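This report concerns the ligand site of the structure shown below and the annotated positions that relate to it.

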Amino acid sequence: MDTSTPHPALPSVATSSVLPTDASTRGLSAWADIDLDAISDNVAQLARLAGDADVMAVIKGDAYGHGLAPVARAALAGGATYLAIAQLSEALAARAAGITAPVLTWLFPPGADLSAAIRADLTLSAGAPWALTEIAAAAREVGSTARIHIKADTGLGRGGAWADDLAEVLLHAARLEAEGVVDVEGIFSHFACADAPGHPTVQAQQDTFVAVLADAQRAGLRPRLRHLSNSAATLTNPSARFDMVRPGVSIYGLSPVPDIGGPTHFGLREAMRVTARLINVKASAAGQGVSYGHQYTTKGETRLGLVPLGYADGIPRHAGNVGPVLADGRRLTVAGRVCMDQFVLDLGPDSTAVAGDEVVLIGREADGEPTAQDWAAAIDTINYEIVTRLGARVPRRYLGAC
Ligand SMILES: *Cc1c(COP(=O)(O)O)cnc(C)c1O
């Protein structure tokens with residue numbers, strides 16, 4: 001196989017099934033309601049907080065599990081002027097879904113079909129010398145100017161160029177811009193510890209970013225969109241706004257800094273609610289082991305409820321005995337192990353719950369429901385991972401005006 005030939009068909013991106021807004025949930029094991037008005041309102045709130053800076057809404061990872069195209073439209077309705085999607089294949093999927101707004105994409109390997117990206121009018125990140133060389137070759141092949149944002153590593157220690165590589169990218173970009181091969185519309189970088197606002201790397205990275213902008217200027221570049229702030233910086237650090245902020249998790253109504261404040265504190269509201277139906281409720285004797293390995297034992301006579309969601313749906317197996325669920329009007333925790341397709345709740349001896357009743361796994365802080373943040377705290381991860389991992393098998397139902 002000739003490895004220099006770009007892959008002819010970029011992989012299509014897996015998406016979840018979608019229920020019509022007015023669909024009955026009768027007979028469904030589980031579903032996720034996505035409140036698009038919440039997303040629009042959250043973006044509008046972030047835009048207010050960002051002052052004069054524009055908002056680039058980050059919708060990578062199938063919009064953090066909320067669904068790429070509907071979220072893109074809701075974010076634009078809320079005032080976002082740019083979209084950010086890490087993986088090139090997903091950015092192309094957004095175009096295929098009819099999203100025409102500016103889209104920045106930054107994760108693609110050597111040999112990726114950048115001609116297709118340029119024809120799709122995607123903005124490409126140049127974060128390494130090879131990337132800029134391949135972007136330029138693709139722009140010449142297509143016969144148009146590639147719009148690019150140079151990505152500097154100011155101390156995250158992940159993507160982007162630093163030191164000699166960055167100097168090379170800046171000089172090469174200036175030459176290519178003079179030839180009309182690229183338009184250096186932007187320069188960006190990403191924080192390592194913005195969720196710890198007092199961390200010394202925050203100011204250090206900001207200072208480095210300012211120095212990079214001066215280097216770019218000296219190289220002859222005049223980028224119009226300089227951007228550095230993720231959600232945590234947008235919410236806690238007005239001095240890092242530059243021309244545009246780049247929030248992700250906060251547009252979904254989740255706090256990147258739960259120790260500082262939850263969504264309500266920042267004027268945001270959670271967009272995802274995950275509901276399931278009990279599919280079996282039965283009386284149990286005291287001392288009964290529950291689920292694989294009997295990691296839970298009933299304390300007295302009780303009633304057990306079976307929830308038809310498991311780790312195949314993204315319910316973390318680590319949430320055994322700790323994951324929070326609202327059932328029968330009360331906050332319960334998963335009883336015993338989470339299995340591939342199901343887990344059990346100990347409903348208590350007085351429960352009146354019956355098979356078919358709804359239980360809420362993920363909802364809103366303000367409504368007293370368990371939240372993605374509660375699940376994250378229970379298994380020592382971040383709310384990002386909880387919503388993003390929700391499986392494609394859980395159908396999404398879009399609510400709201402968008
Ligand atoms: C994911 C990501 C963001 C958004 O981060 P949040 O913490 O979700 O706001 C911004 N910029 C880059 C480069 C990212 O990878």
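This is a predicted model: local features need pLDDT of at least 70, side-chain atom pairs count only at pLDDT 80 or more; totals for chains, interfaces and linings use all residues.

## The surrounding shell

The ligand is surrounded by 13 residues. The closest are Lys60, Tyr64, Ser231, Gly248 and Tyr384.

By residue class, the shell comprises 6 nonpolar, 4 polar and 3 charged residues. The space that the ligand takes is the largest pocket.

## Annotated active site

An unreviewed UniProt entry places the feature "active site" at Lys60 and Tyr292. These positions span 233 residues in sequence, and their farthest two C-alpha atoms are 35.1 Å apart, so they do not all gather at one spot. From this set, Lys60 belongs to the lining of the largest pocket.

Lys60 is located in helix H2, which runs over residues 60-64. Lys60 is also among the closest residues to the ligand, which links this annotated position to the ligand shell described above.

## Annotated binding site

The feature "binding site" is placed by UniProt, again in an unreviewed entry, at Arg158 and Met340. Here the span is 183 residues in sequence, with the farthest two C-alpha atoms 33.4 Å apart, so these positions likewise do not all gather at one spot. Of these residues, Arg158 is included in the lining of the largest pocket.

Arg158 lies in a loop. That loop connects strand E7 (146-151) with helix H7 (163-178). The pocket to whose lining Arg158 contributes is the space taken by the ligand.

Key. Residues are numbered from 1 along each chain as its sequence is written. Side-chain values use heavy atoms; hydrogens and water are left out. A residue is near a molecule or strand if one of its heavy atoms lies within 4 Å of it. On a 1 Å grid over the protein atoms alone, a cavity is a set of points where a 1.4 Å probe fits but cannot get out, and a pocket is an open set with protein on both sides within 12 Å along at least five of seven lines; lining residues have an atom within 4 Å of a point. A molecule sits in a cavity or pocket if more than half of its atoms lie within 2 Å of its grid points. Ala, Val, Leu, Ile, Met, Phe, Trp, Tyr, Cys and Pro count as nonpolar, Asp, Glu, Lys and Arg as charged, and the others, Gly among them, as polar. UniProt positions are given in the numbering used here, feature names are shortened, and annotations may be inferred rather than shown by experiment. Helices (H or I, at least four residues) and strands (E, at least two) are DSSP runs, numbered from the N terminus.
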